[in-house]
Structure formats: structure tokens, C-alpha cells
Amino acid sequence: MKQPKYIVIANAIESDIAKGIYTKQLPHIEQLAIKYQTSKVTICKSLQYLAIKDIVRPVRGHGCYIQSANARIIPSIANAREHTGFSASVDNHGSLQSNIISFYTRYPTEKECEMLKIASHRLVYDIIRQRVIDDEPLILEYTIMPVDLIPGLTLDILHNSIYAYIKNILGLNLGKANRIFRADKSDAFDAKYLNCQADDPVLEVEQIAYLANGKPFEYSQTRRRYDKGEYILNQT
């Protein structure tokens, strides 16, 4: 039986992707319609078919991206009532590496005192980390933690999992996390450490994480490329 035209076109696009004609992103719909000598409606159906096959990923307002090893979606699975950390949320999705951009102690700002419920004379860690999966930059983390509440942080710990250290070495139980999700424009750090272009949006998550006893131990912002991941928030 003869295949519908949109499937024939989809197969042709998939073949061109396999040949390396298209790498990161497909051309605009009008250009594809001209190349494959069909209508824009047919191209749209072809792209929907390829999206169902997980070959491409349409991003509203930005075109259609190719789902490859260099453009895959890494989900972060979070619980609305607790927080287990980034390392645990992306478990089994690749080899995780943490690159330390900045790490030092200082006195907190007024906002940090408010968020962490601490006095201004208490020292905090100021941490910036780049999280990479299989050599692919995924997240940029800005983290503030009270030194006296989470003592003994070292570069070796930061290269691995802070949360594992808190639970397994310090013997502290993690509690809930309050999060605000927002979109933002990429900045110079995003361009350098997330390979963002000037007009790329980023997903920012502002968070206050608590120990099981109700004490806030982390105030952070994490920034992620719009095309490199998604958050799955579970209620249970």
C-alpha cells in the first residue's frame, strides 16, 4: 500500500538527518516545503510524525531541534514534598560530572539572611557549579549554604554530591523544598558554561531547601538551557 505523502517526506528528512545534512536544528518549514516540493501543511504533519518517533523536538517560537546525543532531553524528577538533589534526580541518565567554577566562604547578604533564616554574622558557602552529563553542559548552579549547619564542605565533596554528604556523612535528614520556576534570558555565564546563544531562553529554578527539622540549609538558583531538559514534579 502506498504510504501517505507526509510519511514519505518524514522518512526523507530522517534520512537526511542520518546523513548529517541536518545536525542540531531543521530548517524553517517554508525551506523544507521548497526542498521536498510539498506544502507547509504536509511538512507540519511530517514533523509531528518525527516528533512522535522522538527524532525531532519542536520548540515553540524556535523551530524544530534534532534529538541526538548532543540535543537530548534529561529529565529532573522532583517530589513536591521533599528534595533529593540533582544527582539523584538524573540517576541512570548518563555519567554526571560537577565542575567547580567558584567556591569560598563569606558573610550573607540581607536577602540570603532572610531566605536562610540566619543572622548576618554567620558565614555561608558561596558555590557555583556546572553540572555536565556525558560531556554535555546541562545546569549551572548558584548555591548558598550556612557553614555551621553544613560543616566540612570540600572541593572533593562538591565534585560529587553535596546531598549525599549531608545524608551519609553528617547524618542529617532532608525535608521539603520550596521552588519557584521562571523563564529568563541567557546571560554571559550561561553563554560560557551552558553554550547558550545570545537569544536563548533558560529555565531558572529558585529554591529554598529544608532539613527534616525545618531548618533551611540551602538557598539556590539553577539555570538550564531550554532545550536540554525538563522537570517532572511528582505530588507523592
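User: How many aromatic pairs does the structure hold?

Analyst: Happy to start here! This is a predicted model, and rings count as a pair if their centres lie within 6.5 Å. With that cut-off, the number of aromatic pairs in the structure is five.

User: Take Y6 and Y49: what kind of aromatic pair do they form?

Analyst: Let's look at the geometry. The two ring centres are 6.1 Å apart, and the angle between the planes is 85°. Planes over 60 degrees apart count as edge-to-face. The pair of Y6 and Y49 is therefore edge-to-face.

User: How many residues apart in sequence are the parts that this pair ties together?

Analyst: Find each residue in its helix. Y6 lies in helix α1, residues 5-18, while Y49 lies in helix α3, residues 40-52. The pair therefore ties together parts whose separation in sequence is 43 residues.

User: Are Y6 and Y49 buried, partly exposed or exposed?

Analyst: Compare each value with the limits: buried is under 20% and exposed is over 50%. Y6 has 23% relative accessibility, and Y49 has 25%. Both values fall in between, so Y6 and Y49 count as partly exposed.

User: Which residue has its charged end over the ring of Y210?

Analyst: Here a charge meets a ring. The charged end sits 5.5 Å from the centre of the Y210 ring. The residue it belongs to is K176.

User: What separates the C-alpha atoms of L149 and I166?

Analyst: Along the chain, L149 and I166 are 17 residues apart.

User: Which strands are the edge strands of the open sheet?

Analyst: Six strands form this sheet, with antiparallel pairing, in the order β4-β5-β6-β9-β8-β7. The twist averages 15° from one strand to the next. An edge strand here pairs on one side only, and the two that do so are β4 (96-106) and β7 (174-185).

User: And inside the sheet, which residue in β9 is the bridge partner of I139?

Analyst: Good one to finish on! β6 and β9 (residues 216-225) run antiparallel and are joined by six bridges. In β9, the bridge partner of I139 is R224.

Methods. Residues are numbered from 1 along each chain as its sequence is written. This is a predicted model: local features need pLDDT of at least 70, side-chain atom pairs count only at pLDDT 80 or more; totals for chains, interfaces and linings use all residues. Side-chain values use heavy atoms; hydrogens and water are left out. Rings of Phe, Tyr and Trp (its six-membered ring) pair if their centres lie within 6.5 Å; planes under 30 degrees apart count as stacked, over 60 as edge-to-face and the rest as tilted. Helices (H or I, at least four residues) and strands (E, at least two) are DSSP runs, numbered from the N terminus. Buried means under 20% relative accessible area, exposed over 50%, partly exposed in between (1.4 Å probe, protein chains only). A charge sits over a ring if NZ of Lys or CZ of Arg is within 6 Å of the ring centre and within 35 degrees of the ring normal. Two strands pair if DSSP finds at least two bridges between them. Axes are lines fitted to C-alpha atoms, for helices over the stretch in contact, and angles run from 0 to 180 degrees between N-to-C directions.
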